[in-house]
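Please examine the structure below and work through the questions that follow.

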Amino acid sequence: MHTRRTPVSTDPSPTGHGPRTRRPNLRRGRAVGTLLAVAALLLSACTSGGSTHPGNPAAEAALAALPRSTPAALTPYYGQKLTWRSCGTPGFQCATMRAPLDYAEPGAGDIRLAVARKKATGPGARLGSLLVNPGGPGGSAIAYLQQYAGIGYPTDVRARYDMVAVDPRGVARSEPVKCLNGRQMDRYTQTDFTPDDEKEAGALVATYKRFAEGCGADAPGLLRHVSTAEAARDMDILRAALGDDRLTYVGASYGTFLGATYAGLFPDRVGRLVLDGAMDPSLPARRMNLDQTAGFETAFQAFARDCVRQRDCPLGTKASGVGKNLKAFFRKLDARPIPTGDPDGRVLGESLATTGVIAAMYDEGAWAQLRDALSSAMKENDGAGLLALSDSYYERDADGRYTNLMFANAAVNCLDLPAAFATPDDVRKSLPAFEKASPVFGEGLAWATLNCAYWPVAPTGEPRRIEARGAAPIVVVGTTRDPATPYRWARALSGQLSSARLLTYDGDGHTAYGRGSRCIDNTINAYLLRGTPPTRDKRCS
């Protein structure tokens, strides 16, 4: 799904087999939602609250809880003491935590995970630790903590909780997955994701294979052990190391899948869990990608209605024509990219332009920036604005360096679920369904789901319902026009979790907490501070 760090100035992308729930850094305080499709999508469709998926027997199975007692082989990990030190950011401390690389063979070696915290400031009695995760998969939880949550969460919450983050295995500071260097990533992001013929389809497949080979060459052993289930088990070791009996957690976008998985594995250790921008864990990759494609279309139509009300809308005066006009512009760029003024010589083609538009769908606050960028590109032949939006999505800096977001995103997604498609022919057969879901984005997002077909490591996960029977009340939050984690996913997850309370935000953008709704924020704050969950099916605007 979908990260919130700083506004886009000049920061879900598809990188796996479906929508990814990571989020570009358009504005502080949001979650990371990444499409598995523009670089390679991430998750898929769900039912509106049900858990039955005809033709998908695996989704009928529920995630089983682990035994309550700690296995003897894991006792050293659970008993470890964290050594906190200054880590260069005032007010924050850092530590390194050990976890078994392979939980099936704890004695086979460790993985070292980076942890950061900001201690409770007071006044008021300390409530314990509040773990945060912004999504991805692949978003840095430590960066999110230091740049937003640790300084931007409500004062009362930060006063009562130690704010804590751990970069999941394979992410950022925790033995990061590495695949391509900056120049190679530049070529990757400019790949034509809407092939017009066999030759272009072959080029796309070759690109996916190079990406996968690059990831596998660096640390093949690590790639087998970056699953969401393993990351959730790491969180329980961290809970114990922090001295907390139960886990208190706010997860956004993909972070909701991570949090729900924790609840399924350790229902008796659930404290106060907020799952904002929820994913449906019972969906196969193709369905997730298709649902997310429809979600981006919903968000785009909201943008279109807003655009035509503005004087500077470059896509026409009628909302019904905005999509057709944008698609026509994409076709022009496919044939003839336009200059961007980029010092590395990049030009704006269809792929980078599409990613730039998708990046702005995560946050309605970026719509004005998108209008400006489209106006410059369509009227002045200047692609700099759309390139900047695309760079924010891929987390590329001005020096041509990328974070490992896209690499970790693919590594986790391709391990968590079997690939949506195995061959280009599979994609072609599904194009009508994807294009129906989104006439503007469907084709590109469908082809992006082919990424995991060439992954060097076989998947270890499968779609499963998560019930977490016996868990304390869990707050599931859904936004009605969320592009990266469609609202129906929140309804589906809340229908699966035995103790869920669904909190609905009637609005635009990805996730809801900290985005301006006093109703949402007050409800979540009351839950975190007083343990008072919302009434069932509470709705806010």
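Q: How far apart are the end C-alpha atoms of helix H9 (residues 285-307), and what span should its 23 residues have?
A: Helices are DSSP runs of H or I with at least four residues, numbered from the N terminus. The expected span is 1.5 Å times one less than the number of residues, so the 23 residues of H9 should span 33 Å. This agrees with the model, in which the end C-alpha atoms are 32 Å apart.

Q: On what basis are these values given?
A: The model is predicted, with local features needing pLDDT of at least 70 and side-chain atom pairs pLDDT 80 or more, while totals for chains, interfaces and linings use all residues. Residues are numbered from 1 along each chain as its sequence is written, and side-chain values use heavy atoms, leaving out hydrogens and water.

Q: How many residues of H9 are buried?
A: Buried means under 20% relative accessible area (1.4 Å probe, protein chains only). By this criterion H9 is mostly covered. The count is 17 of 23.

Q: Which residue in E5 is the bridge partner of Gly128?
A: Strands are DSSP runs of E with at least two residues. Four bridges join strand E4 (residues 128-133) to the parallel strand E5 (residues 161-166). In E5, the partner of Gly128 is Tyr161.

Key
Buried means under 20% relative accessible area, exposed over 50%, partly exposed in between (1.4 Å probe, protein chains only). Two strands pair if DSSP finds at least two bridges between them.
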